Structure formats: structure tokens, C-alpha cells
Amino acid sequence: MISSNDLKPGQTIAVDNDIYVVLDTSQNKTARSAMVVKAKVRNLRTGSNVELSWGGGEKVQPAEIEKREMQYLYDTEDSLVFMDNETYDQIEIPKDRLTWERQFMKPEDIVNITSYEGEILGVQLPDKVTLQVVEAEPAVKGDTATSALKNAVLETGLQVKVPLFINQDEMIVINTSDGKYSGRAK
């Protein structure tokens, strides 16, 4: 068990049969009242963010999240298929549980699949991914006085704003936390 005072961002905990990852914590202690520990957390099953609170020193159950490196193989009608490269086991994850993640994955990519006590929770993306621009608006001459952006479509279908100097068929780096352009690929 973990003391509520020791919770840190990135830790996974189990509360009331749900699994959460801690995003942020705060402690509040006044002269008249006991310490209250509040944590902003994300439910790993539903993806929703909530705030939980405990008294100072209360015990919280840690959750051991397993991560397995797997290769994204292909899509079926309603799910994505992944394969463990060591055991060749294949698993399917429903598309509706991976709406955000699908925008950053292409077949043959290696990703981390997270699970808790055998239950598949989802895909853990790297911080940044490199994708190819398949469609980019032409730059307008004389529109370079400010840091102007234009629309681009990437090979996964993701639409992003990119600087005017980015052209079709270029490889660019995308931040997976917010889906924004991060730079050119080296």
C-alpha cells in the first residue's frame, strides 16, 4: 500500500475496482483541519479524468500495470490486431477504445500494450512519432511575415497545422499528447 501523501504523477492506483494513473497531486493542510490530499487522475478503462481525495496518510492500493511490446499488424472491421514478436500471440483491441491512438499508428509500428491482471487496457504511445505528409496546402507568397501555418494531412489521416515550408511527401514529427506539429524528421 502507498500512503496518500506519497502519490506522484505517473503512478497507477486501484480505487473502487477502477484503475487510475495519477496526473497531478496537491496537499492542503490548515491549522483547523487535517491534511487533505487531492489527485487528478485518468481512468485507464474509460479515459475520463476525475479528481479523488484522501485524508493525509490514508493508504492507497497500487496497481501493477504490465507493458508488452507488440507490433501493430492490421485493422479488421471493428478492431486493431497486434502481435507479440516473441511469442507470436495476437490480440485484438476494439477501434472505439483507440480513437486517439489510431491517428498516430501505422501498420508494422511497434507499440506498448498496457494490461492489468490480464485485462487489456490500451496502447501506450511514444511521446513523438514520425509521419509522412500526404497532402499539404500550397504556401501563399507574401504570407511569411508572421509564423503562418497551413493545413496538412498525414498518412494516418490526421490533420495538423504545419509551417508554410513543409511540403507534400516530407516526414515530420508529431507530439502524441496534443497531436501538434513538433518539427521536421531528421
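**Loops, a charged patch and a ring pair**

Mentor: Start at glutamate 77, which sits in the loop between strand E7 (66–75) and strand E8 (79–84); strands are DSSP runs of at least two residues, numbered from the N terminus. Keep in mind that this is a predicted model: local features need pLDDT of at least 70, side-chain atom pairs count only at pLDDT 80 or more, and totals for chains, interfaces and linings use all residues. Residues are numbered from 1 along each chain as its sequence is written, and side-chain values use heavy atoms, with hydrogens and water left out.

Trainee: Is glutamate 77 buried or exposed?

Mentor: Glutamate 77 counts as exposed because its relative accessibility is 81%; exposed means over 50% relative accessible area, buried under 20% (1.4 Å probe, protein chains only).

Trainee: And which residues gather in the patch of negative charge?

Mentor: Glu77, Asp78, Glu92 and Asp96, on the surface. Patch residues have over 30% relative accessible area and no salt bridge, with like charges joined within 9 Å. A salt bridge would be a Lys or Arg side-chain nitrogen within 4 Å of an Asp or Glu carboxyl oxygen.

Trainee: New topic: how many aromatic pairs?

Mentor: Two, counting rings with centres within 6.5 Å. One of them is tyrosine 72 with phenylalanine 82, 5.5 Å centre to centre.

Trainee: What does the pair tie together?

Mentor: Parts 10 residues apart in sequence, because tyrosine 72 lies in strand E7 and phenylalanine 82 in strand E8. Tyrosine 72 is buried at 5%, and phenylalanine 82 is buried at 0%.

How values were computed. Patches are made of residues with over 30% relative accessible area and no salt bridge: like charges are joined within 9 Å, nonpolar side chains (Val, Leu, Ile, Met, Phe, Trp, Tyr) within 5 Å. Accessible areas come from the Shrake-Rupley method with a 1.4 Å probe; for residues, only the protein chains shown count as cover. Lys and Arg count as positive and Asp and Glu as negative; His and the chain ends are not counted. The place of a charge is taken as NZ of Lys, CZ of Arg, CG of Asp or CD of Glu. Helices (H or I, at least four residues) and strands (E, at least two) are DSSP runs, numbered from the N terminus. Rings of Phe, Tyr and Trp (its six-membered ring) pair if their centres lie within 6.5 Å; planes under 30 degrees apart count as stacked, over 60 as edge-to-face and the rest as tilted.
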